[in-house]
Amino acid sequence: MKATQEKLKLKLQEALAAAFGAEYAKADPILVPASNPKFGDYQANVALSLAKQLGQQPRAIAQQIVGKLDLTGICKPPEIAGPGFINLKLETEYLVEQLKAIQADPRLGVAPAKNPKRVIVDYPSPNIAKEMHVGHLRPAIIGDCLARIVEFMGHEVLRISHVGDWGTPFGMLIAYLEEAYPEALTTTETLNLGDLSSFYREAKKRFDADEDFRKAAHQSVVKLQAGDEKTLLAWKIVCQLSSRAYQVIYDLLGIAPFIERGESFYNALLPQVVEELDKQGLLVENQGAKCVFLDGFTNREGEPLPLIVQKSDGGYNYAATDLAAIRHRVQVEKVQQVIYPVGAEQTNHFAQIFQVGRKAGWITDNVEFVHTPFGLVLGEDGQKLKTRSGEAVKLRDLLDGAIAHARKDLEYRLKEEGRQEKEEFIADVAQIVGVSAVKYADLSQNRTSNYIFSYEKMLALKGNTAPYMLYAYVRTQGISREGNIDYDKLRADVPIILQEELELNLAKHLLQLDEVLAEVEKDLLPNRLCEYLYQLSQKYNQFFENCPVLKSEEPVRTSRLILCDVTARTLKLGLSLLGINVLERM
Ligand code: ARG
């Protein structure tokens, strides 16, 4: 069967626009899901918004629109309510037909982009001269999720980690390597330098304690920038040590593989950036530094703010490197979109480099550069999450804590239910539930706000949490096990019967996946997908508790099994786009 599932909302919008008449066809129909299912499935508020413009009563306008509105085969005859809302209720036959199409489609009705773009998602991009802490959580989780969604929508995605792998912070680490592990620089074997955290700790101790060491660290930076071979080797070893340690965490988090292309990659391109800006007359000398003046940015005195591209000592900074990256991404990688999931504290930085990128002509109307900012992870006290001694919490500890918590919950539940499970099962479920809970808690918030990190809340079996959704999925699989049903074999031409209100609600929700993903692709807000999956789990649970599946007579039985199957596949796909794996049992 060919998938005919179509963007329903779009179709309704088009029909409404056609009914406005040519003059107002461009007006927004303001189509929203109905606030109360009693009145219908969708509500169009356009008559109210046009009233002033037309100098007519909204109800009269609604009447004219409804008189011309043709939605035969999709909706029941539209009704006008209150001051002039147009209420639309879907025809059951239409729902059935659409649901069949979705069931037959491995993409569940989500058509891939007609014009695929080449897109870079710039993540997780940590500064690797630092230990991995809670601040590294959000770029990894959000970046990974956005990359998955954009890719699923049919675009070609390059995941590029713009790691901070250059400059001053490396001086200390290089000096420490040279001092403590001189043999590392003469052997070709990979030396065991201990774990990353003790390496950092010891380096920092030396740095804080010894003036000569600080001098050596500074010297290392100078030598590194001058391209001294031995220093470069030491730098490379430190970078590898970091990358390996970071990778362990990314694996635990299930972050998809990415290209590591850090700041150092752009070193050779920096002089060209300066040269090109200069040629275009954008460069201004300001107290010895080379700058570009920005529109719309002023200092406290109200004077225009410069973006420094090259410091007076000839060195380059973070902004210069990012300008080189912009130019490289457009001219060499030839992308149409670059997405930067980076903390909100860098909002000005991105606005500034994008502005300079446009002034320089690198960013044209054909490429979209977007910063997708996010807020902070807070402790239960509402302050930045810290350990008792006041340090940023290590990411490893944070995740291990979630897994331990999930394990405790699981063991308690097993005892309650009198279940015996193998250690392997317990460890596996605890890890998936713990890590998923952390990810989901992060993604389910509007990313632009801060959120409070709470194991208890994120691991609750009820509410908008990963365990709640994983559990809904487990229920769908429980039915197939209990009834010995192979869901795949259902994908044939069987009748679907939607009679009960709860069946209809579930079916309507299943039809909305493509709309939701289109929205997420546009706004890059994963919490919309989370909200959709949460509602799906709720609707499925209501259906599950009130509509017998295996015990029903045919053809209702098969029809309900199909609802279970499509729900399961929608949950699985939706969660996978959040970077969450489902469990068959938990
Ligand atoms: N390394 C930076 C930091 O940790 C983030 C880099 C983001 N990406 C970029 N192209 N600037 O703050």
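**Reading the model step by step**

A: Let us begin with a record. UniProt, in an unreviewed entry, places the annotation "short sequence motif: 'HIGH' region" on residues 126-136. Keep in mind that the model is predicted.

Q: Which residues does UniProt list for "domain: DALR anticodon binding"?

A: Residues 469-586, again from an unreviewed entry. In the model, that span is 65% helix and 0% strand. Its end C-alpha atoms lie 12 Å apart.

Q: Now the sheet. How do strands pair in general?

A: Strands of a sheet pair through backbone hydrogen bonds, in a parallel or an antiparallel way. Here, 4 strands make an open sheet, ordered E1-E2-E4-E3, with antiparallel pairing.

Q: Which strands stand at the edges, and why does one side of each lack a neighbour?

A: Strand E1 (31-33) and strand E3 (79-81) are the edge strands. Each has a single partner strand, so one side of each has no neighbour in the sheet. Neighbouring strands of the sheet are turned against each other by 35 degrees on average, direction ignored.

Q: How many bridges join E2 and E4?

A: Strand E2 (residues 42-44) and strand E4 (residues 85-88) pair over 3 bridges, in the antiparallel sense. Look at Gln-43: its bridge partner in E4 is Asn-87.

Q: Which helix packs on the sheet?

A: Helix H1 (residues 8-20) does, and it touches E1, E2 and E4. The direction of H1 makes about 140 degrees with that of E1.

Q: How do I read a pair of helices, such as H5 and H14?

A: Check the distance, then the angle. The axes of H5 (residues 137-152) and H14 (residues 423-443) come within 10 Å and cross at roughly 80 degrees. An angle of 65 to 115 degrees counts as roughly perpendicular. H5 and H14 are therefore roughly perpendicular to each other.

Q: Which residues meet there?

A: From H5, Leu-137, Arg-138, Ile-141, Ile-142 and Cys-145; from H14, Lys-439, Asp-442 and Leu-443. By class, this contact has 5 nonpolar, 3 charged and no polar residues.

Q: Last, the ligand. Which residues surround the ligand?

A: The residues around the ligand include Asp-122, Ser-125, Pro-126, Asn-127, His-162 and Gly-164.

Note on methods:
Residues are numbered from 1 along each chain as its sequence is written. This is a predicted model: local features need pLDDT of at least 70, side-chain atom pairs count only at pLDDT 80 or more; totals for chains, interfaces and linings use all residues. A residue is near a molecule or strand if its C-beta atom, placed from the backbone, lies within 6 Å of it. Axes are lines fitted to C-alpha atoms, for helices over the stretch in contact, and angles run from 0 to 180 degrees between N-to-C directions. Helices (H or I, at least four residues) and strands (E, at least two) are DSSP runs, numbered from the N terminus. Angles under 35 degrees count as roughly parallel, over 145 as roughly antiparallel, 65 to 115 as roughly perpendicular and the rest as oblique. Two residues are in contact if their C-beta atoms, placed from the backbone, lie within 7 Å. Ala, Val, Leu, Ile, Met, Phe, Trp, Tyr, Cys and Pro count as nonpolar, Asp, Glu, Lys and Arg as charged, and the others, Gly among them, as polar. Two strands pair if DSSP finds at least two bridges between them. UniProt positions are given in the numbering used here, feature names are shortened, and annotations may be inferred rather than shown by experiment.
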